[in-house]
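The following exercises are to be worked with the sequence and the coordinates at hand. Each task is followed by a solution in steps.

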Amino acid sequence: EKLLGVKKGGERSKSHALALLSTLCKAPGGVGGQTEITSVFQHVQSFLGSASTGAGGDYHKEATSKALRLDALSLVVVMLDSDNHDPVHIRKGLTSALLPKLCLAVQEQWYKVIAEALRALAAVPRFFVIGYKEGEESPDQKKQEMDSVAKQLYDSIEPLLAAHDVDQEIKECALSATASLLSFLHANLTPEQKSK
């Protein structure tokens, strides 16, 4: 974690630290509990963060290389796909630290980063179905959070799904993310969103 937080740390060291965390996700207990998951998500957010939006609405991050952003997104995919983390901790980490930057990552320039961001977004919806403890949130709070997440995901995925001139890998990942969104959060989409 210290390697990820160092401003002037080498890219190679950070890449290896992300790979180590990805491997740790496969061990019982994963990367840890709520605190550790949120910390990892905050580091990933810093790699994806400081979005610069150009005149064309293009998202890019000058301070972090494409390869490091791809490694960070790959870690997120592994964390979300792993059954070694408490779904409540993942959901809280996503809402408090990562989801907005993850949604912005699909506006990236490099198709590999876009595809990996879409893979991560495809894994997100299930945590907003299984990631609640009984009585922790009121039904209204839960619905409001699920509605907000469904809207963020839809707004990120739909433009790529509607585009005709995107890479085949991006199109397949957008279809997968849409299927996941519809499968888990269909009740939280508006009729207009469902009909598109």
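**Exercise 1.** Does I130 count as buried, partly exposed or exposed, and what is its relative accessibility?

*Solution.* The model is a predicted one. Begin with the location: I130 belongs to helix α7. Next, apply the cut-offs, under 20% for buried and over 50% for exposed. The relative accessibility of I130 is 41%, so the residue counts as partly exposed. Finally, consider its surroundings: together with V129 and F184, I130 forms a nonpolar surface patch, whose accessible area is about 230 Å² in total.

**Exercise 2.** Describe the geometry of helix α8 and determine which of its residues are buried.

*Solution.* Start with the span. Helix α8 covers residues 139-162, 24 residues in number, and its first and last C-alpha atoms are 33 Å apart, close to the expected 34 Å. Then examine the axis: at D155 there is a kink of about 25°, shortly before the proline P159. Now list the buried positions, which are E145, M146, V149, A150, L153, Y154, S156, I157 and L160. Their spacing may be read against a general rule: an α-helix has 3.6 residues a turn, so residues three or four places apart point the same way. Lastly, identify the cover over these buried residues, which includes α5, α6, α7, α9 and α10.

**Exercise 3.** Which side chain meets that of R126 in a salt bridge, and which parts of the chain does the pair tie together?

*Solution.* The partner is D83, with an N to O distance of 4.0 Å. R126 sits in the loop between α6 and α7, and D83 in the loop between α4 and α5, so the bridge ties together parts 43 residues apart in sequence. As to accessibility, R126 is partly exposed at 21%, whereas D83 is exposed at 67%. This pair is one of 11 salt bridges in the structure.

**Exercise 4.** Which residues do salt bridges with shared partners join into one network that includes E145?

*Solution.* First take E145 and R91, whose side chains meet at 2.9 Å, N to O. This bridge links helix α8, which holds E145, to helix α5, which holds R91, across 54 residues. R91 is buried, at 2% relative accessibility. Then take K92 and E136, which form a salt bridge at 2.7 Å, N to O. Here K92 lies in helix α5 and E136 in the loop between α7 and α8, 44 residues apart. K92 is partly exposed at 27%, and E136 is partly exposed at 34%. With shared partners taken into account, the network consists of R91, K92, E136, E137 and E145.

Definitions and conventions:
Residues are numbered from 1 along each chain as its sequence is written. This is a predicted model: local features need pLDDT of at least 70, side-chain atom pairs count only at pLDDT 80 or more; totals for chains, interfaces and linings use all residues. Side-chain values use heavy atoms; hydrogens and water are left out. Helices (H or I, at least four residues) and strands (E, at least two) are DSSP runs, numbered from the N terminus. The expected span of a helix is 1.5 Å times one less than its number of residues. The bend at a residue is the angle between axes fitted to the seven residues ending there and the seven starting there. Buried means under 20% relative accessible area, exposed over 50%, partly exposed in between (1.4 Å probe, protein chains only). Contact means heavy atoms within 4.5 Å. Patches are made of residues with over 30% relative accessible area and no salt bridge: like charges are joined within 9 Å, nonpolar side chains (Val, Leu, Ile, Met, Phe, Trp, Tyr) within 5 Å. Accessible areas come from the Shrake-Rupley method with a 1.4 Å probe; for residues, only the protein chains shown count as cover.
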